[in-house]
Amino acid sequence: MSAALLTRPLAAIGRPVLAGLASVGRMVLFAVAVFSHLFRPPWYWREFAHAVMTIGWYSLPVVGLTALFTGGALALQIYDGSSRFSAEAAVPSIVAIGMARELGPVLGGLMVAARVASSIAAEIGTMKVTEQIDALVTLSTNPIKYLAVPRVLAATVTVPVLVAVGDSIGIMGGWLVGVNRLDFNSAAYLKNTVDFLEAADVASGVAKGAVFGFLVALMGCYYGMNSGRGAQGVGKATKLAVVSASVLILGSNYILTELFFSA
Amino acid sequence: MIQLDNVHKAFGEKRVLRGVTLEVPRGESMVIIGGSGTGKSVALKCILGLVRPDSGTITLDGQPVDKGDRDDFLARFGMLFQGAALFDSLTVWQNVAFRLLRGNQKLPKTQAREIAIEKLRRVGLTPETADLYPAELSGGMQKRVGLARAIAADPEVIFFDEPTTGLDPIMAGVINELIREIVVEMGATAMTITHDMTSVRAIADDVAMLHDGVIKWTGTVVEIDSCADPYVQQFIHGRAEGPIEAVR
């Protein structure tokens, strides 16, 4: 009786912990499978090109708008803070560095997670529920190779480009606000930006973009392929894909920042 | 010949197959009947390797299905899925020619399209449907496209999973006739799972009754009406009373 009283709460903790660890294990095995298929033929170039369009090109408006408004807001915030110790001149360089190193990749990654992880999980989940994935197998086509590899590769390649474009648009947002709202001289703002922004700032953000893109597509594919039955199953898979992609982006962002900081 | 020997499969606590033993001779059309949730689809998926059995052996022409080259093995099969399982993002002809556009059996695009249109014609669809998307087709047309895809690469074995479910009686009759004609003219081994007795009588050479995870009865389609098995009798006459418990 007393032993049961003691073990019951421990079991209640242990069960979700074990389930969580098993889930992480399955995700890692899935990632290894995707990675290993990257280097083995056949390669589905048509599916890859389609994924580049849907993941990269069509995400451009949402990433661009996010960067534009973030750059503008950042300029206002930094101006407000820096004016307290008469350091307004630092606004252009801090906007540029902040966008390139942190806000560009993280906010861009989160927007792609919302847009892409959800659509991949819903599409593949629906394919699973309607037996299209079983049909692929009976037609001698490996679903990981045909569905996951093109999407993961496309996201890994295109999200860094989105981040670079987002950085530029974000800096432009800061410049627009700086010149029109904060009375900066346009040429001086741009010179300040160029003088203080280093290649390493941009490179570290772009590298983060590649990692975030990989994680976003991986989560979409993983939860889609492991979707439960029916509309509820697909809905749950979609939600889990977005949540886990977002958390992984934020977690990996810290780890990558530590790595770049220490280097 | 397909042979299942004492095949078991459980999902968690639920034991779906409890020792299925069945033989499907080459060139014959075997229909497995049984109520919903009795494990018919699982048995089919075990043969194809979509589901791994917990124990027992499954062989095709004496070779275990889980040994040898998987692509070569699957190339011998065609399958018509219950909901047709057409790929939404591809046109009708690309669905039909899916196997012919990639992998070991890859053909030039124009040749694959010609074969797809020929197969579509065989299942009663005009070439104009070739460039439509699956979402633009009715349920009956989708089933026909699924059938055309199943036979596109001239397989030795064709599986039909509930081929008439969701169709009106006339369209169901058309699909049944098509299946019968195609199986006979291709000389393929066919395995169908259904609970539609009209399908059974139209398609089957042999019938097996699956209930509670085991095969309760096997015989020819001619014998089914005269057999004394109470499970079969209850099932084919659709009686609520009998050894098969019906949830009310």
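The following legends describe close-up views of a predicted model.

Residues are numbered from 1 along each chain as its sequence is written, with chains lettered from A and ligands numbered from 1 in the order in which they are written.

**View 1. Helices of chain A.** Chain A contains nine helices and zero strands (DSSP runs, H or I of at least four residues for helices and E of at least two for strands, numbered from the N terminus). The C-alpha trace of chain A spans about 65 × 60 × 35 Å along its principal axes. Of the 263 residues in chain A, 45% are buried (20 or more other C-beta atoms within 10 Å of the residue's own, with C-beta atoms placed from the backbone).

View 2. An unreviewed UniProt entry places the feature "transmembrane region" at residues 12-35, 55-76, 152-177, 206-225 and 237-256 of chain A; UniProt positions follow the numbering used here, feature names are shortened, and annotations may be inferred rather than shown by experiment. Residues 55-76 of chain A are 86% helix and 0% strand, with end C-alpha atoms 31 Å apart. For residues 206-225 of chain A the corresponding values are 100% helix, 0% strand and 29 Å.

**View 3. Contact between chain A and chain B.** Chain B contributes 15 residues and chain A eleven residues, a contact being two residues whose C-beta atoms, placed from the backbone, lie within 7 Å. On the side of chain B that touches chain A, helix 2 (70-74) and strand 6 (77-80) of chain B each supply at least two residues. That side has ten nonpolar, two polar and three charged residues (nonpolar: Ala, Val, Leu, Ile, Met, Phe, Trp, Tyr, Cys and Pro; charged: Asp, Glu, Lys and Arg; polar: the others, Gly among them).

**View 4. Open sheet of chain B.** Six strands of chain B form a mixed open sheet in the order 6-7-8-3-9-10, where pairing requires at least two DSSP bridges between two strands. Strand 6 and strand 10 (214-220) of chain B are edge strands with a single partner strand each, so one side of each has no neighbour in the sheet. Strand 6 and strand 7 (residues 157-161) of chain B pair in the parallel sense over four bridges, and Leu80(B) has Phe160(B) of strand 7 as its bridge partner. Helix 5 (residues 139-151) of chain B packs on the sheet, touching strand 6 and strand 7, and its direction makes about 175° with that of strand 6 (axes are lines fitted to C-alpha atoms, for helices over the stretch in contact, and angles run from 0 to 180 degrees between N-to-C directions).

Key: Predicted model: local features only at pLDDT ≥ 70, side-chain atom pairs only at ≥ 80, totals over all residues. Buried ≥ 20, exposed ≤ 12 C-beta atoms within 10 Å, placed from the backbone.
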